[in-house]
Amino acid sequence: MKKSIFSGLFLLWALAQAAAVPEMYAIDPLRSFVLFKVRFLWATNINGCFCGGVSGKVSFDPAAPEKSIVELEIKTDTLDTGFAQWNNDIKSRNFLNVKEFPLIIFKSNSVKKVSDWHYTVIGDLTFHGVTKPLTIQANLTGQRKGPKGESSTGADMHLIIRRSEFGVNYRSPALGDDVDLTVGVRK
């Protein structure tokens, strides 16, 4: 009898521990994106995306956001502006140098809840071989269960980075220093 009570209590404890740990989700590269905009020649912008090049993992617990983890990888060779000449120029050794720096990486250190749908994510961004601390504002786009019981969630993040802080000074000042980014992460 004692053995079955102990086994039952152990099973309840194990289930409670499993429920307390947030699940780790892989980021869906087909549904996730990075859009960018940078000023060009003081009068226009170069717009584009890293299309199909976003991957990583997210562990999100709305009840305990401080336990959440965000890890993103962006493949630099997936950059697309819609113009082959600009793509080649930006991917070149002078700018992104996609051969030497194939990934842009973000790893969170902390997540703080601002409101039910808004969070502050603090972490480190590695771009062009340089790692800098970065604070990102993230907005949940929704959470739902699919018809087969699978969960789906997403978040949009907006940030501006200064490329000169990462040693990317190519075509300055004709090409702006501030790069405006919108990151859409979907699971």
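Modeller: Let us begin with Val58, which stands opposite Val70 in E5. Please keep in mind that this is a predicted model. The two residues belong to a pairing in which E4 and E5 run antiparallel, joined by six bridges.

Biologist: In which sense do strand E1 and E4 pair, and over how many bridges?

Modeller: Strand E1, residues 24-26, pairs with E4 in the antiparallel sense over three bridges. Within that pairing, Met24 stands opposite Ser59 in E4.

Biologist: To which strand do five bridges join strand E5?

Modeller: Strand E5, residues 69-75, is joined by five bridges to strand E7, residues 103-115, and the two run antiparallel. As an example, Glu73 has Ile105 in E7 as its bridge partner. E7 is in turn joined to strand E8, residues 118-127, by nine bridges, again in an antiparallel arrangement. There, Lys113 has Tyr119 in E8 as its bridge partner.

Biologist: What share of the residues is buried?

Modeller: A residue is called buried when its relative accessible area is under 20%. Buried residues make up 39% of the 187 residues in the protein chain. As for the surface, the protein chain exposes about 11100 Å², and carbon and sulfur atoms supply 59% of that area.

Biologist: May we apply the cut-off to a single residue? Is Thr76 buried or exposed?

Modeller: Thr76 counts as buried because its relative accessibility is 2%, and the cut-off is under 20%. Its place is in the loop between E5 and strand E6, residues 79-80. To see what surrounds Thr76, one leaves aside its neighbours within four places in sequence; its contacts then include Phe50, Lys91, Leu96, Val98 and Ile104. Phe101, Pro102 and Leu103 are also among the contacts of Thr76.

Biologist: I have been told to look at backbone angles as well. Which residue has a positive phi of about 50 degrees although it is not a glycine?

Modeller: That residue is Asn97. Asn97 lies in the loop between helix H2, residues 84-91, and E7. With a relative accessible area of 10%, Asn97 is buried. A further case is His128, a residue other than glycine whose phi is positive, near 55 degrees. His128 lies in the loop between E8 and E9, and at 17% relative accessibility it counts as buried.

Biologist: Let us turn to the space inside the model. How many cavities of 30 Å³ or more are there?

Modeller: The count comes to two. The largest cavity has a volume of about 340 Å³. Its lining has 24 residues, and those nearest the centre are Phe50, Ile104, Ile161, Val179 and Leu181. The elements that give two or more residues to this lining are strand E2 (33-40), E5, E7, E8, strand E9 (130-145), strand E10 (151-162) and strand E11 (175-186).

Biologist: Which classes of residue make up the lining of the largest cavity?

Modeller: That lining has 23 nonpolar residues, one charged residue and no polar ones.

Biologist: How much space lies in the second largest cavity?

Modeller: The second largest cavity holds about 260 Å³ of space. Its lining has 19 residues, and Val58, Phe60, Val70, Leu140 and Ala155 are the closest to its centre. The largest share, four residues, comes from E10. By class, the lining of the second largest cavity has 13 nonpolar, four polar and two charged residues.

Methods:
Residues numbered from 1 in each chain as written. Predicted model: local features only at pLDDT ≥ 70, side-chain atom pairs only at ≥ 80, totals over all residues. Heavy atoms only, no water. Buried < 20%, exposed > 50% of the residue type's maximum accessible area, 1.4 Å probe, protein only. Areas by Shrake-Rupley, 256 points an atom, 1.4 Å probe, with all protein chains shown as cover. Pairing = 2+ DSSP bridges. 1 Å grid on protein atoms, 1.4 Å probe; cavity = no way out; pocket = protein on both sides within 12 Å on 5 of 7 lines; lining within 4 Å. Points joined across faces, edges and corners; volume = space filled by probe spheres on them. Nonpolar A, V, L, I, M, F, W, Y, C, P; charged D, E, K, R; others polar. Contact = heavy atoms within 4.5 Å.
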